[in-house]
Amino acid sequence: MSEATNKTAQNDVRILIVDDDSVNSTLAKGVLQRHGYTVEISSNPMRALEKFARDTNCADLVLLDYFMPTLDGGQTVQHLRKLRPDIKVVLFSGAEEMHLRQIMRQHPIDAFIHKPLRIDEALAVIHKLVGDPSHTLTARA
């Protein structure tokens with residue numbers, strides 16, 4: 001592996017979106033990929049946790065819906081933190097801001113992003129938590 005390729009691989013920011021709403025998660029994935037992030041989607045929190053348990057370094061940040069059928073976001077974040085206490089978790093929800101802040105007081109969540117995705121808000125929150133992958137784009141070009 002060349003030094004430039006190795007550096008790109010080390011600087012790549014990986015985001016795992018856990019959301020049962022395929023429209024919102026697909027939109028978010030497209031936007032974040034256009035801004036240089038590597039993004040995977042899981043519509044089932046149990047499957048996302050299984051994947052994360054197999055490889056706790058598969059993501060640098062988890063974008064997490066709170067209201068999901070099989071396991072809610074609070075339960076999901078508790079499991080994520082047991083597997084990797086330093087994982088960055090961002091609540092991705094259409095709930096009112098007051099409700100989102102209440103959820104964040106109850107669970108170890110780092111930040112929130114509104115649904116539908118607001119590009120500037122999402123990029124600012126993600127950049128603050130894990131950095132900006134744009135410097136890796138020139139190495140890929």
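## Briefing: a parallel sheet and its helices

Residue F67 is partly exposed, with a relative accessible area of 47% (partly exposed lies between buried, under 20% relative accessible area, and exposed, over 50%, with a 1.4 Å probe and protein chains only). The structure is a predicted model, in which local features need pLDDT of at least 70 and side-chain atom pairs count only at pLDDT 80 or more, while totals for chains, interfaces and linings use all residues. Residues are numbered from 1 along each chain as its sequence is written, and side-chain values use heavy atoms, with hydrogens and water left out. The chain has 141 residues, of which 45% count as buried.

**Overall architecture**

- The chain holds 7 helices and 5 strands (DSSP runs numbered from the N terminus: H or I over at least four residues for helices, E over at least two for strands).
- Read from the N terminus, the elements follow the order α-β-α-β-α-β-α-β-α-β-α-α.
- Of the contacts in the chain between residues at least 6 apart in sequence, 64% join residues at least 24 apart (contact means heavy atoms within 4.5 Å).

**The sheet**

- Strands of a sheet pair through backbone hydrogen bonds, in either a parallel or an antiparallel manner.
- Here, 5 strands form an open sheet in the order β2-β1-β3-β4-β5, and their pairing is parallel (two strands pair if DSSP finds at least two bridges between them).
- The edges are formed by β2 (38-42) and β5 (111-114), each of which pairs on one side only.
- From one strand to the next, the twist averages 25 degrees (angles run from 0 to 180 degrees between N-to-C directions, along axes fitted to C-alpha atoms, for helices over the stretch in contact).

**Strand β1 and its two partners**

- Strand β1 covers residues 14-18 and is mostly covered, since 4 of its 5 residues are buried.
- On the β2 side, β1 is joined by 5 bridges in the parallel sense, and L16 stands opposite E40 of β2.
- On the β3 side, 4 bridges pair β1 with its neighbour, again in parallel.
- Together with helix α2 (residues 22-34), strands β1 and β2 make a right-handed β-α-β unit (right-handed means that, with the strands pointing away from the viewer, the path from the first strand over the helix to the second runs clockwise).

- Strands β3 and β4 are paired in parallel over 4 bridges, with L64 having L91 of β4 as its bridge partner.
- Helix α4 (residues 73-83) lies across β3 (61-64) and β4, and runs at about 165 degrees to β3.
- A right-handed β-α-β unit is made by β3, α4 and β4.
- Further along the sheet, β4 (residues 88-93) is joined to β5 by 4 bridges, and the two run parallel; F92 stands opposite I113 of β5.

**Aromatic rings and a charge over a ring**

- A pair of aromatic rings is described by the distance of the centres and the angle of the planes.
- A search of the whole structure finds 1 such pair (rings of Phe, Tyr and Trp, the last by its six-membered ring, pair with centres within 6.5 Å; planes under 30 degrees apart are stacked, over 60 edge-to-face, the rest tilted).
- The pair is formed by Y66 and F67, and it is edge-to-face because the ring planes stand at 80 degrees, with the centres 5.0 Å apart.
- With a relative accessibility of 11%, Y66 counts as buried.
- The residue K115 lies over the face of F92, at 5.3 Å from the ring centre (a charge sits over a ring if NZ of Lys or CZ of Arg is within 6 Å of the centre and within 35 degrees of the ring normal).

**Two individual residues**

- S93 belongs to strand β4 and counts as buried, at 1% relative accessibility.
- Apart from neighbours within four places in sequence, S93 is in contact with F67, L100, I113, H114 and K115.
- P85 is located in the loop between α4 and β4 and is exposed, with a relative accessible area of 62%.
- The C-alpha atoms of P85 and P108 are separated by 9.6 Å, although the two residues are 23 residues apart along the chain.
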